[in-house]
Amino acid sequence: RNPEKMNWLREVIKLAEGDQQYKGAIYAIPYRSETVFLHQPWISECVGCHMYDCEGESLTLTEGEKSEIMASAKDEYLIYTSSQ
């Protein structure tokens, strides 16, 4: 993908760096021949609630699909983590 078209991701990173409730990890996870971006705040009761496609659109997924993606959230797909 063209990074210039991913300004939305820069905005998510800024939010994760500057706002305590959004601090956490962001992953780029290959899933069904696409890439899913998972933003998992550290302080959140919601697991897997912030998932986006490459255009920055929120994904509507089944619980099974969310679980599958969450199970793939490994260090090798980590693209950003907030500072403490």
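Me: Which residues of helix H2 (residues 63–71) are buried?

Reply: Buried means under 20% relative accessible area, exposed over 50%, and partly exposed in between, with a 1.4 Å probe and protein chains only. In H2 the buried residues are Glu 65, Lys 66 and Ile 69. Seen down the axis of H2, these fall within an arc of 100°, so they line one face of the helix. The arc is that of the directions from the helix axis to the C-beta atoms.

Me: What kind of model is this, and how are residues numbered?

Reply: This is a predicted model: local features need pLDDT of at least 70, side-chain atom pairs count only at pLDDT 80 or more, and totals for chains, interfaces and linings use all residues. Residues are numbered from 1 along each chain as its sequence is written, and side-chain values use heavy atoms, with hydrogens and water left out.

Me: Which exposed residues sit on the face of H2 turned away from its buried side?

Reply: That face carries Glu 63 and Ala 71.

Me: What do the buried residues of H2 pack against?

Reply: Look for contacts, meaning heavy atoms within 4.5 Å. The buried residues of H2 pack against strand S1 (24–31), strand S2 (34–41) and strand S3 (50–52).

Me: How many helices and strands does the protein chain have?

Reply: Helices (H or I, at least four residues) and strands (E, at least two) are DSSP runs, numbered from the N terminus. The protein chain has 2 helices and 4 strands. From the N terminus on, they run α-β-β-β-α-β.

Me: Where is Arg 32 found?

Reply: Arg 32 is in the loop between S1 and S2. Its phi is positive, about 50°, although Arg 32 is not a glycine. Arg 32 counts as exposed, because its relative accessibility is 54%.

Me: What is phi of Ser 33 near?

Reply: Phi of Ser 33 is near 65°, a positive value in a residue other than glycine. Ser 33 also lies in the loop between S1 and S2. With 75% relative accessibility, Ser 33 counts as exposed.

Me: What radius of gyration does the protein chain have?

Reply: The radius is taken over C-alpha atoms; the globule rule is 2.2 Å times the number of residues to the power 0.38. With 84 residues, a compact globule would have a radius near 12 Å; the protein chain has 12 Å, which agrees. Along its principal axes, the C-alpha trace spans about 30 × 30 × 25 Å. Buried residues make up 33% of the 84 residues.
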